Amino acid sequence: MPRIRLTLTGAVQGTGFRPFVHRLAGELGLSGWVRNTAAGVVIEVEGASAEEFRLRLCAECPPAAWIAQLEATQLPPARLSGFKILESEDEDQPVAAILPDLATCPECLAEIRDPDARRFRYPFTNCTRCGPRFTIVESIPYDRPHTTMQGFALCGDCAAEYRDPADRRFHAQPIACPVCGPRLSERLECASEALKSGQIVALKGIGGYQLLVDARNESAVARLRERKSREAKPFAVLAPDLEAVRAVAEVNGEEAGLLESAAAPIVLLRARPDSGLAASVSQGSPWVGVMLPCSPLHHLLLDQFPHPVVATSGNRVGEPICITKGEAEARLRGIADVFLHHDRPIARPCDDSVARARPGGVSLLRRARGYAPLPVWIGGNGLNSCVLAVGGHLKNTVALHLGRQVVLSQHIGDLDTPEARDAFVAAVEDLERLYRRRPEVIACDLHPDYFSTVWAGEQGVLVRPVQHHHAHVAACAAENGLEEPYLGVAWDGTGLGTDGSIWGGEFFLVERGRFTRIGHLRPFFLPGGDAAMREGERPAAGLLHELGETTRFTPLLKTGFQSVKTTSLGRLFDAFAYIGGIAPRNRYEGEAGLRMEAAALAESDDSPYELPVRDWIADWAPMLEEFRRAPSPRRFHATLAGWIARMARRAGVRTVALSGGCFQNDLLTRMAVAALEEAGCRAALHQRVPANDGGLALGQAVLAADERYAPE
Ligand SMILES: [Zn+2]
Ligand SMILES: [Zn+2]
Ligand SMILES: [Zn+2]
């Protein structure tokens with residue numbers, strides 16, 4: 001029987017919502033429960049008509065209730081009996097209802113385009129259904145005096161709307177109008193004219209500054225690339241509407257839904273060859289990230305300049321996104337030609353999120369605006385001690401374990417620069433202040449040199465290290481409510497293993513809180529430290545070295561100097577991409593993998609290469625031999641997917657958690673899910689946090705809170 005957990009936020013409490021849920025579940029013969037939590041309403045239903053329940057919940061919801069966001073998580077069957085209204089969660093731990101920022105709703109959009117409306121062309125229009133939330137809240141409860149709107153006294157008209165229960169702006173905390181609300185520093189035309197003439201505009205958006213430039217203008221985009229010192233990583237594109245998105249990329253129904261969702265993320269799409277975008281936008285990548293306007297300001301700007309524009313974070317390389325006028329003018333000088341500020345302060349930096357759509361769900365690559373800080377509801381009995389998890393080194397996020405929920409911060413970034421490290425510390429302090437908790441335990445990665453690990457050790461609080469790939473798997477298991485035993489698959493680029501080597505192609509049997517590494521890739525050596533992450537030639541040389549072949553890295557490999565042993569699947573992708581002539585190197589993280597995936601999509605032969613597994617170790621050597629004769633990225637994908645299903649069968653488990661950066665690869669994920677289904681197993685995928693290192697903090701928090709866990 002299908003079981004789903006629904007987490008709803010919005011105006012769903014005190015509106016007769018729970019009795020309605022109870023009635024609907026009874027009508028559909030579903031078992032389960034509903035509970036009010038401080039973060040919203042959580043419902044679990046089990047039964048044949050669970051999906052119908054989900055649809056009717058939205059369609060028939062009581063008039064006073066309004067659902068801002070509904071997140072569905074598929075769960076394994078649990079044979080629940082009856083349907084109960086559970087007691088409200090203890091409110092003395094303030095897990096405040098802090099919503100993510102919500103993209104402009106249709107009513108507000110109509111208003112700003114209506115010459116007779118008093119908010120005609122007003123860039124800060126919002127209501128209870130849309131507008132800024134997380135990026136304006138300074139403390140809880142979420143009332144106007146606790147937001148960055150505190151300095152704007154309401155005019156009579158706004159005050160009347162705010163007090164009128166029948167109005168869409170009843171208790172809309174960021175309510176504003178041209179008379180009393182925030183203002184732009186310049187006329188909007190300054191920005192649209194600048195775009196027309198190929199200039200670079202620094203625009204203060206929702207969660208920080210963005211750099212905008214006409215995406216069709218090659219010299220303008222090339223200038224942005226040069227000034228930002230960004231060699232090859234594709235730029236995201238902001239398109240005025242769905243029709244404009246379809247002109248630059250292939251868009252299916254799920255992708256359209258994701259683009260138009262309240263989160264309005266950047267969605268990774270297949271680029272159209274005739275997109276009309278400047279070549280410098282995606283530098284030959286077969287993928288393009290596109291988003292729709294997420295605020296009235298963006299809508300109004302694109303009304304005046306109705307073309308795709310590059311929209312990239314307003315930062316210098318390796319630094320966090322600028323949020324104040326002072327920061328922007330100091331750090332973006334020399335990059336932007338024109339600045340458009342406004343006077344609504346941004347409480348904390350929050351980048352645009354990046355996502356891929358998949359059937360029935362979403363795969364988050366970067367979780368920030370529109371998603372953070374929605375908690376991940378993990379159930380259980382709740383904890384008394386508070387755990388802070390500080391994540392890894394790349395794509396860092398941090399998390400606070402609050403009992404039955406884990407709050408994961410917005411994307412912070414790679415912790416390489418002093419500015420990024422300051423942003424990390426600020427994000428930790430911010431979470432602790434917002435939720436009024438001080439951690440008794442800090443969870444960190446096993447890697448002693450990560451900045452986050454070093455920082456954890458300096459706090460004078462009990463530190464519990466968690467192995468990198470254990471954390472990946474635990475994050476996936478937690479958000480899917482998996483019951484042990486299950487098989488955890490953690491495939492990524494790099495993470496320190498308990499044996500001192502670099503792991504990344506791992507299988508764990510998870511039982512009674514213990515992680516047993518039951519299988520992995522045949523190890524090979526990576527010559528030359530960090531350079532081996534960028535140049536595919538190095539992992540390729542590592543593979544050939546194992547086969548006794550000589551390359552220009554053989555002397556280095558023979559001395560063992562600066563060479564590390566690895567079982568990384570990410571590096572295997574890089575090596576095969578190099579050998580197959582698909583991608584010589586990673587000019588940005590994950591480039592070779594993305595190109596392998598795109599190349600595989602153009603093929604049709606799904607027959608696997610030979611991949612013998614001896615003593616639970618998969619030997620890539622025969623596959624390499626065949627691949628060198630006739631490289632087929634698709635068969636490479638199929639081989640790896642088949643390996644997962646074989647391991648599941650051998651381990652004798654029914655449930656398999658797929659985690660780690662390699663599962664950002666949609667084709668690999670789909671093939672693995674299909675192979676597992678054929679083997680009678682169920683695959684659990686990340687649904688609400690990234691499969692990459694951006695999800696680590698969730699897994700760290702969960703494992704550090706589990707007495708039984710040890711990173712052995
Ligand atoms: Zn609205
Ligand atoms: Zn007003
Ligand atoms: Zn990882």
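Predicted model: local features only at pLDDT ≥ 70, side-chain atom pairs only at ≥ 80, totals over all residues.
**View 1. Helices H19 and H21 pack against each other.** Let's start with a pair of helices. Two packed helices are described by the angle between their axes and the distance between the axes. For H19 (residues 591-601) and H21 (residues 633-651), the angle is about 105° and the axes are 7 Å apart. Angles of 65 to 115 degrees count as roughly perpendicular, so H19 and H21 are roughly perpendicular to each other. On the H19 side, look for Met596, Glu597, Ala599, Ala600 and Leu601; they meet Pro633, Arg634, Phe636 and His637 in H21. The residues of this contact divide into 6 nonpolar, 1 polar and 2 charged.

**View 2. His637 in helix H21.** Is His637 buried or exposed? His637 counts as buried because its relative accessibility is 0%, and buried means under 20%. Follow the side chain of His637 and you will find the backbone oxygen of Pro633 at 2.8 Å. Leaving aside neighbours within four places in sequence, His637 also touches Met596, Glu597 and Ala600, among others. Further contacts of His637 include Phe573, Asn665, Leu667, Leu668 and Met671.

**View 3. Buried residues of helix H20 and what covers them.** Which residues of H20 (residues 621-629) are buried? They are Ala621, Pro622, Met623, Leu624 and Phe627. The cover over the buried residues of H20 includes H19 and H21, the pair from the opening view. Helix H16 (537-546) and helix H18 (569-579) are also among the elements that cover them.

Notes: Residues numbered from 1 in each chain as written. Chains lettered and ligands numbered in written order. Heavy atoms only, no water. Axes fitted to C-alpha atoms, helices over the stretch in contact; angles between N-to-C directions. Helix = DSSP H or I, 4+ residues; strand = E, 2+ residues; numbered from the N terminus. Parallel < 35°, antiparallel > 145°, perpendicular 65-115°, else oblique. Contact = heavy atoms within 4.5 Å. Nonpolar A, V, L, I, M, F, W, Y, C, P; charged D, E, K, R; others polar. Buried < 20%, exposed > 50% of the residue type's maximum accessible area, 1.4 Å probe, protein only. Polar contact = N/O pair within 3.5 Å; in protein donor to acceptor, adjacent residues only side chain to side chain.
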